[in-house]
Amino acid sequence: MKKFKRIFAVLTAVMMIVAVAAGCSDTSSNAYNTSKKTVYRTLDEIKESGTVKIGVFSDKNPFGYVDENGEYQGYDVYFAKRLAKDLGVKAEYVSTEAANRIEYLQTGKVDIILANFTVTDERKEEVDFALPYMSVSLGVVSPDKKVIKSLNDIKDGDEVIVISGTTAETYLTENHPDIKLKKFDAYAQAKTALENGEGAAWANDNTEVIAYALQNKGYTVGIPSLGSKDTIAPAVSKGNKTLLNWINNEIKALGKEKFFHKNYEKTLADTYGKDYEEQLVVESGKVKK
Amino acid sequence: MQALGIDVLLKGNNFIRLIDGLCTALRISLVSVIFSIVFGIVFGIVMTYKNTVIRVVSRVYLEIVRIMPQMVLLFIVFFGTTRMFGLNLDAELASIIVFTFWGTAEMGDLVRGAVSNIPKHQYESSYALGLNKAQTYFYIVIPQTLRRLIPLSINLVTRMIKTTSLVMMIGVVEALKVTQQIIEANRMTAPNAAFGLYLTVFILYFLACWPISLLASYLEKKWSA
Amino acid sequence: MADKLLTIEHLKKSYGDNLILKDFNLTVNRGEVVVIIGPSGCGKSTLLRCINGLEEIQGGEIKLYGEKIDRNKKNIAEIRQKIGMVFQSYELFPHKTVLQNIILAPIKVQKRSKSDVIKEAEYLLEKVGLSDKRDVYPRQLSGGQKQRVAIVRALCMHPEIMLFDEVTAALDPEMVREVLDTILELAKQGRTMIVVTHEMSFARAVSDRVLFLDKGEIIEEDIPEKIFDNPKTERARRFFHTFEYDAVKNHTDTLNRKV
């Protein structure tokens with residue numbers, strides 16, 4: 001991704017030179033600069049236009065996906081619909097990918113990103129995050145007959161299954177170097193390994209292990225929350241104060257009607273069950289410690 | 001049927017959405033190919049000139065296309081133009097621009113090869129008949145070049161259709177993206193639908209490309225008869 | 001007085017340091033057939049290419065009816081229409097049929113009516129015995145047939161002068177005849193031609209005048225009877241000798257004795 005960004009920067013420079021050579025930069029970039037137009041649309045501009053453009057995932061069930069009628073659905077979309085309604089405008093959904101969410105905001109091609117966007121310090125440099133509406137961390141699932149309820153339950157000689165390159169692998173390697181890891185490249189391999197008893201437990205994102213335990217009988221999530229909590233929040237273009245404030249106020253207001261709990265029950269309960277609602281949902285932007 | 005996930009396709013508008021996605025993919029690649037052929041012929045002929053400036057410029061262009069992943073080009077055209085000029089290109093238009101930019105380079109190189117493969121004497125016998133340079137290109141060089149290009153450009157069309165799946169990166173929803181959407185939307189109820197869906201997409205692509213390759217072999221046969 | 005059709009004065013042609021033609025002078029009159037012979041590399045093909053403006057020249061002048069031939073001038077395409085050229089390697093256009101090859105330039109360049117041109121093309125094809133090949137592609141023809149089509153193609157432009165550049169050199173021996181007969185027929189009609197060839201007996205039959213060229217210069221120039229039978233220079237004599245062989249076997253009448 002870093003390398004990709006460097007290439008991109010170099011190319012932007014090359015294109016700039018080409019544009020100057022072609023003599024067209026004079027008119028267009030000046031017009032762009034002198035008008036002092038920002039890339040984003042303010043709250044008033046959005047309301048005036050009658051539509052809000054919201055970037056969502058179209059293939060990440062149950063957060064953002066498209067149903068068989070071509071309608072966007074999911075936890076993020078449920079929230080997006082409410083935002084549009086309370087703004088008094090129509091929602092226009094743009095299908096985004098994990099890799100282009102920041103670009104969409106920085107070029108103002110969408111007003112809001114609601115695509116399971118985890119808040120990180122790095123991303124805060126590029127976009128402005130509103131209050132969170134969900135929280136995720138790591139989780140550990142293990143067989144019913146020998147549930148691992150804390151990392152202390154893991155005995156010498158026991159191995160913990162992880163998928164290479166995931167947060168779980170990094171976290172355990174850094175914070176619990178004494179725990180032996182059994183690494184796999186793909187989800188399916190890790191799943192088979194757990195079912196064959198090749199490890200005492202499987203550590204992964206808690207949403208993943210929760211969904212797994214729900215779908216496979218005989219397994220329990222003994223540790224639903226491990227390590228630091230990550231929050232998921234809406235994001236807007238950097239500097240779009242009016243829209244950011246409005247979204248923050250909206251999230252606080254929605255807390256009064258327990259909106260995100262309702263949202264969870266409508267969209268996530270099928271996948272994660274009711275037991276983990278409090279673990280995952282963040283109401284009024286307040287993350288429980 | 002259930003095991004293959006075909007039933008998932010029949011739910012709601014899924015199949016229509018898939019066809020829609022396929023049409024988007026074909027539209028982008030066919031429009032791009034047509035532009036690529038037209039611009040590629042001009043670019044290829046220009047490249048045969050022994051002018052240093054032309055050589056350097058076309059070299060740089062070809063290298064950029066060769067080195068640059070198409071995805072980077074898509075980002076530059078779709079997001080980069082907004083950053084620099086405030087232009088807000090339609091995602092499909094941006095895709096066509098990128099694919100044409102890429103296709104013109106490839107076609108141009110093929111055309112250059114085909115043009116320089118035409119013997120010097122063909123030009124001379126045309127000049128000797130009193131045809132001027134433009135007439136020579138129009139009646140003698142380009143028609144012969146086109147015939148040599150047919151099999152090569154079919155290859156380019158197929159590769160372009162394959163590469164259209166990248167346009168999902170700038171928000172264009174084409175056949176493969178629709179497939180992923182359908183698979184994800186049904187991952188609880190039909191976890192094994194992926195195979196059947198990809199198989200369907202494969203068959204659809206095949207049906208779409210089949211006439212193109214039929215046309216190509218018809219033209220090849222006609223011209224070599 | 002003779003009608004001067006082509007005049008070449010002080011022509012100089014070189015490729016870099018390699019001087020091909022030095023101070024070359026030639027006048028061809030209307031109706032005259034000039035044959036140019038000489039060892040390979042003597043500059044005879046280059047001369048024809050210069051006349052047709054296919055080569056850049058380094059000095060001197062080539063004029064057709066007083067009009068200067070300069071490949072960089074705008075009127076070169078017009079002048080070339082008056083000069084028919086036939087190449088050693090035929091150079092028919094492979095993507096066009098025989099008829100299309102012939103009628104392309106008359107229609108597109110001279111803007112003549114299509115039906116007239118087709119009529120003329122058919123007439124000429126018949127004269128060279130290729131009427132049945134009207135609609136076939138060049139790759140379906142033999143070398144000799146291709147060369148006859150190339151001649152017809154040049155003729156159909158109604159040129160003032162025809163240039164033949166070793167037109168039989170690439171042909172199988174049995175096809176040489178059909179092509180040379182065609183050229184002989186043109187000579188009979190009184191066409192002006194410059195013929196570069198290695199076929200000595202053909203040269204003798206067709207020409208009004210023969211030039212012997214070596215190293216870019218005219219070594220000898222005369223009517224065919226004189227130059228072939230009685231060459232004045234040692235160089236020419238040696239050259240003609242390369243086309244004759246002294247017997248190395250002593251032939252007795254052994255074959256007849258058996259009878």
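Buried area here means the accessible area, with a 1.4 Å probe, that two parts lose on being put together, summed over both. With that settled, I'll start with the interface of chain C and chain B. Please keep in mind that this is a predicted model.

Between chain C and chain B, about 1,900 Å² is buried, and carbon and sulfur atoms give 60% of that area. Three residues on the chain C side lose the most area to chain B: C:Glu91, C:Phe93 and C:His95, which together make up 28% of what that side buries. Counted by residue, 26 of chain C are in contact with 21 of chain B.

C:Arg49 forms a salt bridge with B:Glu124, and the closest N and O atoms are 2.5 Å apart.

Which elements of chain C each supply at least two residues to the side that touches chain B? They are helix 2 (76-81), strand 6 (83-86), helix 3 (98-108) and helix 5 (143-155). By residue class, that side of chain C divides into 14 nonpolar, 5 polar and 7 charged.

Next, chain A, and one residue in it. A:Arg41 sits in the loop between helix 2 (25-34) and helix 3 (43-49) of chain A. Its side chain makes a polar contact with the side chain of A:Ser49 at 3.0 Å, and another with the side chain of A:Asp111 at 2.7 Å. Beyond four places in sequence, the residues in contact with A:Arg41 include A:Ile46, A:Thr51, A:Val52, A:Lys53 and A:Asn240. A:Thr242 is 201 residues from A:Arg41 in sequence, yet the two C-alpha atoms are 9.4 Å apart in space.

Last, the cysteines. Over all chains, the structure holds 0 disulfides. The cut-off for a disulfide is 2.5 Å between the sulfur atoms. B:Cys23 counts as partly exposed, at 39% relative accessibility.

C:Cys42 is in no disulfide either, and its nearest cysteine sulfur, that of C:Cys50, is 13 Å away. Is C:Cys42 buried or exposed? C:Cys42 is buried, with a relative accessible area of 1%.

That is where I'll stop.

Key. Residues numbered from 1 in each chain as written. Chains lettered and ligands numbered in written order. Predicted model: local features only at pLDDT ≥ 70, side-chain atom pairs only at ≥ 80, totals over all residues. Heavy atoms only, no water. Contact = heavy atoms within 4.5 Å. Salt bridge = Lys/Arg side-chain N within 4 Å of Asp/Glu carboxyl O. Helix = DSSP H or I, 4+ residues; strand = E, 2+ residues; numbered from the N terminus. Nonpolar A, V, L, I, M, F, W, Y, C, P; charged D, E, K, R; others polar. Polar contact = N/O pair within 3.5 Å; in protein donor to acceptor, adjacent residues only side chain to side chain. Buried < 20%, exposed > 50% of the residue type's maximum accessible area, 1.4 Å probe, protein only.
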